[in-house]
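Reader: I'm new to this one. Can you walk me through a few spots on it?

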Amino acid sequence: MRHRAGRSLLVLLMAAVATTAAAAVPAYVGAAQESVVRDLLGPGSAIDPTLTVQLPTTGVDAQLGKPISLAEGIGRAETVLGQSPYLAGLRAGRTAYADTNLKFTNVGVAEVVAGHYVFQPGVCDQVTLTGRCPAAAGEVMVSARTAEHYKISVGDQLPIALGPAADVGRTPKAGGGSAPLAGTTHRPVVVGLFTPKDALSSVWGSLLQYSPVPDPHLGARYWTVDAVFTGTPQDVEGVAGAIVRRVVVFRFDLSTVDGAGVGRLDTALRDATRGLSAQQMSSRSAIPAVIQDIRKDQDAIAQSVPVGAVPLLVLAVVVLMVLVAALTEERGPEIALARLHGYARGRVAAFGLAEVLTLITVAAPLGLLLSRIVLAVLAGLWLAPDTPMPWSWSPFAAVGIALLTAYAAAAVASRRVFRTKVINLLRRVPQRTTWRAGALEGAAVALAVAALVTTVQDRESGLAVLAAPLLAIVVGVAGGRLLSLIAAARVRQTRRRADPVGVLTSASLSRRPGRQRIVVVVAVAASLMGFSAVAWDVAAQARAEAANGAIGAPAVYRVSAAGPQQLIEGVKAAVPDGSAMAVVRRAEFFNGDVVNVIGVQSDRLAKTATWFGHSDVDLEAIAGKLRPPAPPPSPVSGRLTVTLDATGFSQVPLDVAVEVRTGQRQQTVELGRLQPGLHEYAAEVPQGELAVLKLIRPPAQAETVVGTLTVKRISSAQGDVPVGGADGWQPVLPAGVKVGLTGDAELSARIEADGNGDIRIARLHAPKALPGLLAGPIPAVDATGDSWPFMAFATQPQTFTTTATDRVVPGASGHGILVDVDYGLAQAQDLTGSVDNGTAIVFEVWAGDSAPGDLVDRLAAHGIQVRSSQTLSAYEDRLGRRAPALALRLYGIGALVAILLALGIVLLAVRVGAEQRRYGSAALLVAGVPEQVLRKAVRREFVTVLGWPAGLGFLSGVAVALLLLPGIPLVTTGVTGEARWQPAPGALAVVAIACLGCLLIALPVAVRLIRQARPELLRGEAR
């Protein structure tokens, strides 16, 4: 080693790289599993770290029908949770409250102001007060914004209704009206006005529901106010006949929970749930579901290790065998002399292998140290912040196995040299390929074929993980053999053409057995690099696509508002430049899948949304498709006259009526009794839009009605309303009603109806079928023609048509439909007279990159309260720290190791046998071959040795990646899909630069041999 320090250092570094990889893989797996815990439970995670306990209305050992008090319920819940020391150590706070419904009684007719009447200990610590905190019975505090809107001051009495009157559904008869209901009025004194310090804190739950915009519904206007907090629990719990909810929320600090603590946390929560159930208390928490996700991700990381580790292991073994074989062959003459001197076979073997085995052994602790450095770098790049990386036994075990593998590889690789005849070793006769090598190559080919066949049939089989490295070895062996044959053929061709460069290059490639080993190593390394580049690109693109599909915009806010129209108007007023838009969403189950219908403001879509794989121009184009021209408006006021031609309808008397839309309300106006033949029907109507033409049945008349109704003319003080044809009207079809519409300038309706329902034909204010951008199959059993029904913003299915399809709809999280929100709401009102404002409808605000920084405050000023928020970048980063991404990044480590080992083996090939090569080059110089020709021949030789296997290996890696990746989860654990690859410059550029870098480093070293090949070497006068 002392006399060949440069080569020994190179061998040491290569062994250290292989050992580092062996130690880093299990250490990375452990760190990645800890990272999942930190990402899902640690600071900044999306988890709600609470346990919500719903107290019973009837306590254990209490008189039947007598509810326990909030204080008693808190004590029982505390007792149950106190039985777990582990949960006690994680406790970060507690919120408890008792609440019941309230309604203001000092409001006008058809006005309903609803809220919550709450006792919550410690709530004053969470607010900024004007006045003081309520402390005695009959004292309350209200929010400052409620007080400002309803003109409430400190010292005022607050007239409210509690009990059954406040619990009844939201109708004008249950809380509205100028006179309060007898026996329900309470008048607590307002002693303070509060402003929350943090309105988004979990301590508030759903108690902050203020909205300054009314929600018109069922002929009344509904308002919502923030909770009114009382001074004593008896103020809430003592209300006769009231529905009182008693809740205790325990908050936990999960930032200290590590991988080992996840199991303890799960066990403790299960025990607490059982204990609470025994006390007749129900509980809910998001933590158990997150723990399940953690375990799935950790198992997925552990199972994905072979896919990334096996190619590394195969590459390391191949490199070690090539390394030992090359060094042992170089020492062949020395081994022959030792055998001639009569040394025992064991001493000769020790002499031949001592150098390489010593270097490999010394590299073991160096590799352990380097693995910690590599792991620290990877943790900073890929893992969750503050992920712990404790020492464990797995890296030491991996290094031990690597050493045993190296020793075995050394023994196998050196056997052939020790069995070669002494005379052949002294003559430096190149080793010939034997039948054993051919048999091994044949076995590798057979195993590779078996792995590929198994992979095609079952991508998740254990043999499938061997497909990539085995195919790379086969490609390398086949490429090396083919290169030797081509080079041998080119020797004869170049000799006939008198091409000295070609002769020298081809002769070196065809006769030097070490070149075939280099081809195998470079092919395996390039295959791993190609596999890594494709896997990296595919996974990154899949994460970006999934993030865009789940979020839809740079920032998305989940909000509450009085209604969808109030949301739209509020966003327009808050952000007039269009950098944010209102979104109304509904998730509906269909055929075992969740379909998201997303209503967007089309005119703001390009400024706010992001669409994976598409530009802003594409968004503008889809916005135009989502909002085609609407049916002409139908304004009416004053005296409305409708000219109808009726045929049939003799079975029962029918009244002609219209519904006029004023704002969000629809008013019915009767025009007269339907007469056969051509007649005019007229009445006074309010100013608004004509919404529905209907025929009203008499009560309890269910006979079948058959006839044809033709609308000839519609006019009012606003002028004539274009009747239009079938495209401008939509029948509303309850059970037993059939209506067929025809006509262009006039509307003709063929009607057959039975039952008690009225016959309604809606005047459309939106396209008859909503144009939608669809991701996934059409969510309908019977899609007739181009249109199909689906639940969206109405209480019954709306009609859709597919205007475009794509893999991803922004914000749909998979299967989804993107529609124009104005058209969607208008069609919902056309069909049912109102918009479904139930729990199925979700309100959001999407903000683009140019949205104002104070958007949350602007929205709040217009009655839109932000409940939660997500950003596209944070969501994508979070996906990058989940199991599939962390596992696939092992391929990145493998590519780096492949680059280093390939470079090392090439440099070693240059240095091994360098002395003999210099003598040969010196002899050629003396024979008259120009030095320039020798240099050019060396350059061409190494370009071929590197370029040929690199190209073959890279193509095989790409092919196997495209074959394997559809069976590997790319974004979500346990979910596989089509591997769509759009070649990106990033990873491919890294691979190209790495290969070029190996070439640029190896060529100068190789050419330097020619400069050292001086004629004096032949006389022994130079070194």
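Predicted model: local features only at pLDDT ≥ 70, side-chain atom pairs only at ≥ 80, totals over all residues.

Reader: Where is Leu369 found?

Author: In helix H10, which covers residues 345-382.

Reader: And is Leu369 buried or exposed?

Author: Exposed, because its relative accessibility is 53% and the cut-off for exposed is over 50%.

Reader: OK, charges now. Which residues gather in the patch of positive charge?

Author: Arg490, Arg492, Arg495, Arg496, Arg497, Lys936 and Arg940, on the surface. Two elements each give two or more residues to this patch: helix H14 (467-496) and helix H25 (931-964).

Reader: Which one gives the most?

Author: H14, with four residues. Arg496 has its place in that helix, H14.

Reader: Is Arg496 buried or exposed?

Author: Exposed. Arg496 has a relative accessible area of 66%.

Reader: Switching topic. Where does Asp99 lie?

Author: In strand S2, residues 91-104.

Reader: Buried or exposed, that Asp99?

Author: Buried. Asp99 has 2% relative accessibility, and buried means under 20%.

Reader: What does the side chain of Asp99 make a polar contact with?

Author: One partner is the side chain of Arg245, at 2.6 Å. The side chain of His116 is also joined to that of Asp99 by a polar contact, at 2.9 Å.

Note on methods
Residues numbered from 1 in each chain as written. Heavy atoms only, no water. Patch = residues over 30% accessible without salt bridge, like charges linked within 9 Å, V, L, I, M, F, W, Y side chains within 5 Å. Areas by Shrake-Rupley, 256 points an atom, 1.4 Å probe, with all protein chains shown as cover. Salt bridge = Lys/Arg side-chain N within 4 Å of Asp/Glu carboxyl O. Lys, Arg positive; Asp, Glu negative; His and termini not counted. Charge placed at Lys NZ, Arg CZ, Asp CG, Glu CD. Buried < 20%, exposed > 50% of the residue type's maximum accessible area, 1.4 Å probe, protein only. Polar contact = N/O pair within 3.5 Å; in protein donor to acceptor, adjacent residues only side chain to side chain.
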